[in-house]
Amino acid sequence: MISLAGRDILQSWSKFVLTGIGLGLLIGVTLTMAGVYRGMVDDAKVLLNNSGADLWVVQQDTQGPYAESSSLRDDVYRALLGLPGVARAANVTYLTMQVRQGDTDVRAMVVGFEPGQPGEPGYLVAGRHITRNHYEAVADIKTGFQLGDTIRIRRHDYHVVGLTRRMVSSGGDPMVFIPLKDAQEAQFLKDNDAILNERARTAANPSLNRAGVPGLLEAIQSSQNANRNVNAVLVQIAPGATAEAVAQEVRRWKHLQAFTRVQMEEILIAKLIATSARQIGMFLVILAVVSAAIVAFIIYTMTLGKIREIAVLKLIGTRNRTIASMILQQALGLGFIGFLVGKTAATVWAPFFPKFVLLESGDTMRGFVAVMAICALASTLAIRAALRVDPATAIGG
Amino acid sequence: MPGMGFGIRIEGLSKRYGEGDTAVDALKDVNMTVAPGEVVGLIGPSGSGKSTLLKCLGAVIEPTAGKMTVGDEVIFDNGWKITDLRALRRDRIGFVFQAPYLIPFLDVTDNVALLPMLAGRSNGDSRKRAKELLEALDVGHRAQAQPSQLSGGEQQRVAIARALANQPPVILADEPTAPLDSERALAVVRILNDMARQFQTAIIVVTHDEKIIPTFKRIYHIRDGKTYEEAGQALH
């Protein structure tokens, strides 16, 4: 038996392919939306992986450093190093800001870290790691900075000595790594006017500026200008110890909050990007409904255009299931073309998105099954119309 | 009456639409017999019941009463005697319409071969049969063409080939010459007569085409749902 659907498609292939391309672009948008969500999840995981930490120690009663702000004294890490099961501990700061280069600026997450300690970028694609204590930077290539560029963070200029990749914040902003001391200053140091104002206030306070206590005022002012805060301490666990056990020790004895990698993933994925995920989910549902409506409309219209032929086919003895199969095959064919176009389009345009778009093969398979199911479902309207055609209409009268 | 036995025989056939006060008797005690190899005309004004009779004969609507015999088999006797009307239409009744109604996405050969394929014959046998018929109807040279590439006369000949594809004992032709000029209309009638003789098929031609009415040896007039037979004067 010849394929009626195949012949119909071949006969009007240009109309069919153009319709498939239109549908395909819609499917491409749908796949891209799924890819955006996957990219956000992957960014979150990469952020955790690249930090090199097993445990994140943050301010008590906060879910920092990525989901909430957290502030710790920078000597906390010494106390943590004394706990059993802790191999390494290092301070880090995170600050999202506009990093300037000449007349332009780039939104980036500035990370302060101690060279050679957890928090340092894992690998470089060009240049070298930071070796000086001040004014050197390693930037993610998504910032657009090049080796040798000079960038400005707050009051100081930094020399880009290394480039890394896939180092982005949970919000998708590329990272710029600078020495911890510089980062502390950038994050916590007040501007000159504020410092002068603070000094004047302190000097005007008689309890802090006692005539009989030389050096007290200077000591207090020096203390006010010093930056002793960081956002988190990244901890690496010693072999044989478990992150959860160390985390419990930290919570119990140090009065700090500690998160394991699993807990931090939960915070990033289930809390930080949950709203975005729901937003994308809504888009996916709407796009699926729109795709179904378009396929249903196209197949229904194509079927209505063949009512007389369907009546003739029924009159000359064609089975209902043959006619239904013809319409179903056309809907699936349209879905197949649409999916191929959509997948190709999504693959082509994904790298141009400002945020990472991760097109997973599992999502592709699920998308294919969903498209076929939607097309099959959408064809039912046309099949019902075709099966209702009375073969007597071919005779007229 | 050429041939032996019946191609199709109708006895006391009636069809009523609706019930009670609104009931309309479209056919009233219709009688008709067409022998194998014979072509008869069925003539009547609009609303006389031609299409209703054709639909009853074509097993697409159910008569209210009467008896219909196709070949040796009673297919209707105050109710269908055959459960699979679709197979009846496919295997035992051929249709030729006012417009050819060829399937536009199948080429000429497959338009004809579709019926044997639907009956379960292999693609090869079906296409062979289609090509033989197309040759017999002098459109073999257009076997690979699409219907849209054919002239009106060629399309109607392909439609006749399709009707003959499963060698049905009966062909119902609903105004097959309506869209054709005199020359082509007479050519189509000549083909129908040739095919009827060649394949021993009983053909009923519904028409009010004045050009072809004189070509029928026998003519049934239908008026107000009743048939009246009249001997014609065939040109052949």
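Modeller: Let me begin with a definition: with a 1.4 Å probe and the protein chains only, a residue is called buried under 20% relative accessible area, exposed over 50%, and partly exposed in between. This is a predicted model, in which local features need pLDDT of at least 70 and side-chain atom pairs count only at pLDDT 80 or more, while totals for chains, interfaces and linings use all residues. Residues are numbered from 1 along each chain as its sequence is written, chains are lettered from A and ligands numbered from 1 in the order in which they are written, and side-chain values use heavy atoms, with hydrogens and water left out.

Colleague: What makes Glu154(B) and Arg142(B) a salt bridge?

Modeller: The term asks for a side-chain nitrogen of Lys or Arg within 4 Å of a carboxyl oxygen of Asp or Glu. Here the N to O distance is 3.1 Å, and the side chains of Glu154(B) and Arg142(B) therefore meet the rule. The pair links distant parts of the chain, twelve residues apart, with Glu154(B) in helix H5 (residues 152–164) of chain B and Arg142(B) in the loop between H4 and H5 of chain B; helices here are DSSP runs (H or I, at least four residues) and strands are runs of E (at least two), numbered from the N terminus.

Colleague: Which parts of chain A does the salt bridge of Arg38(A) and Glu360(A) tie together?

Modeller: The closest N and O atoms of Arg38(A) and Glu360(A) are 3.5 Å apart. Arg38(A) lies in helix H2 (residues 13–51) of chain A and Glu360(A) in the loop between H11 and H12, so the pair ties together parts that are 322 residues apart in sequence. At 25% relative accessibility Arg38(A) counts as partly exposed, and Glu360(A), at 30%, also has that label. For Arg166(A) and Asp43(A) the salt bridge has an N to O distance of 2.7 Å, and both residues are buried.

Colleague: Why is the ring pair of Tyr135(A) and Tyr158(A) called edge-to-face?

Modeller: Rings of Phe, Tyr and Trp (its six-membered ring) pair if their centres lie within 6.5 Å, and planes under 30 degrees apart count as stacked, over 60 as edge-to-face and the rest as tilted. The centres of Tyr135(A) and Tyr158(A) are 5.8 Å apart and their planes stand at 65 degrees, so the pair is edge-to-face. Tyr135(A) is partly exposed at 33%, whereas Tyr158(A), at 1%, counts as buried.

Colleague: What makes Phe336(A) and Phe368(A) an edge-to-face pair?

Modeller: Their ring centres are 6.1 Å apart and their planes at 80 degrees, so this pair is edge-to-face. Ring pairs also link Phe336(A), Phe339(A) and Phe368(A) into a cluster.

Colleague: How do you know that chain B and chain A are in contact?

Modeller: Contact means heavy atoms within 4.5 Å, and 25 residues of chain B are in contact with 24 residues of chain A. Across the interface the rule finds one salt bridge, in which the side chains of Asp110(B) and Arg7(A) meet at 2.5 Å, N to O.
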